[in-house]
Amino acid sequence: YLVVDGNGNISVASASVVVGELKSETEETRDIEFIKNGQSDYSLIIPSTYSGTELPAAYKIQDYIYKSTGFTLPVKTDAEISNGVNKFISIGLTSLYNQSNLNIDVIGFGDGYAIKEKDGNFYILGGEGSKSYLYAAYEYLNIAINLEPYYLTEVSFDCMLDVYMPK
């Protein structure tokens, strides 16, 4: 998975490389269907006791996904999903993250972040810096819809009905 520290250094915490072998697309290698025909089963989940930066990050993702696809991803706290949720983007230390058995250490990241996919769901964790979750949201949007911010009021992104996220 991708890790960006507070100084902008990018590293891959886990990766596999296949050399000299072409793999056919299988369920394990196929990109994840995030939005299909302008619809999605995904929700943005933030902790019930969020620190203040997770909510603006969730709204940033919600806003640009809507502008790109016309679909509004619901934003919920983990207290609102007592009956469970199957497809989600977990932002922060949610109960879903705690149940995932992932161990993503972001201590000392400052404004850095980590984005991890597991079982078709996404986990976004930020460092202790005040902008870490917003930076993570922009990176997630870059992957999803090719969002490129150029200036405070200038961005570009793809408009599409189908969005696929890499595993």
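**View 1. Glycine 70 and helix α1 in the predicted model.** Glycine 70, which follows α1, has a positive phi, near 85°. Helix α1 itself covers residues 54–69, and because its 16 residues at 1.5 Å a residue should span 22 Å, the 22 Å between its end C-alpha atoms agrees with that expectation. The buried residues of α1 include Leu55, Ala58, Ile61, Gln62, Ile65 and Thr69. In general, an α-helix has 3.6 residues a turn, so residues three or four places apart point the same way.

**View 2. Serine 51, in the loop between β4 and α1.** The loop that holds serine 51 lies between β4, residues 43–46, and α1. Serine 51 counts as exposed because its relative accessible area is 60%, where exposed means over 50%. Although serine 51 and serine 130 are 79 residues apart in sequence, their C-alpha atoms are 9.6 Å apart in space.

**View 3. The largest nonpolar core, with 43 residues.** The residues with the most contacts inside this core are Phe34, Ile61, Ile89, Ile91 and Tyr140. Helix α3, residues 132–145, gives the core its largest share, seven residues. Leaving aside residues up to four places away in sequence, isoleucine 89 touches Phe34, Tyr42, Ser43, Leu44, Ile45, Leu73, Phe122, Ile124 and Tyr140.

**View 4. A nonpolar surface patch made by Tyr150, Tyr151 and Leu152.** This patch has an area of about 460 Å². Tyrosine 150 is placed in strand β9, which runs over residues 148–151, and tyrosine 150 is exposed, with a relative accessible area of 57%.

Note on methods. Residues numbered from 1 in each chain as written. Predicted model: local features only at pLDDT ≥ 70, side-chain atom pairs only at ≥ 80, totals over all residues. Heavy atoms only, no water. Patch = residues over 30% accessible without salt bridge, like charges linked within 9 Å, V, L, I, M, F, W, Y side chains within 5 Å. Areas by Shrake-Rupley, 256 points an atom, 1.4 Å probe, with all protein chains shown as cover. Salt bridge = Lys/Arg side-chain N within 4 Å of Asp/Glu carboxyl O. Helix = DSSP H or I, 4+ residues; strand = E, 2+ residues; numbered from the N terminus. Buried < 20%, exposed > 50% of the residue type's maximum accessible area, 1.4 Å probe, protein only. Expected span 1.5 Å × (residues − 1). Core = buried A, V, L, I, M, F, W, Y, C linked by side-chain atoms within 4.5 Å. Contact = heavy atoms within 4.5 Å.
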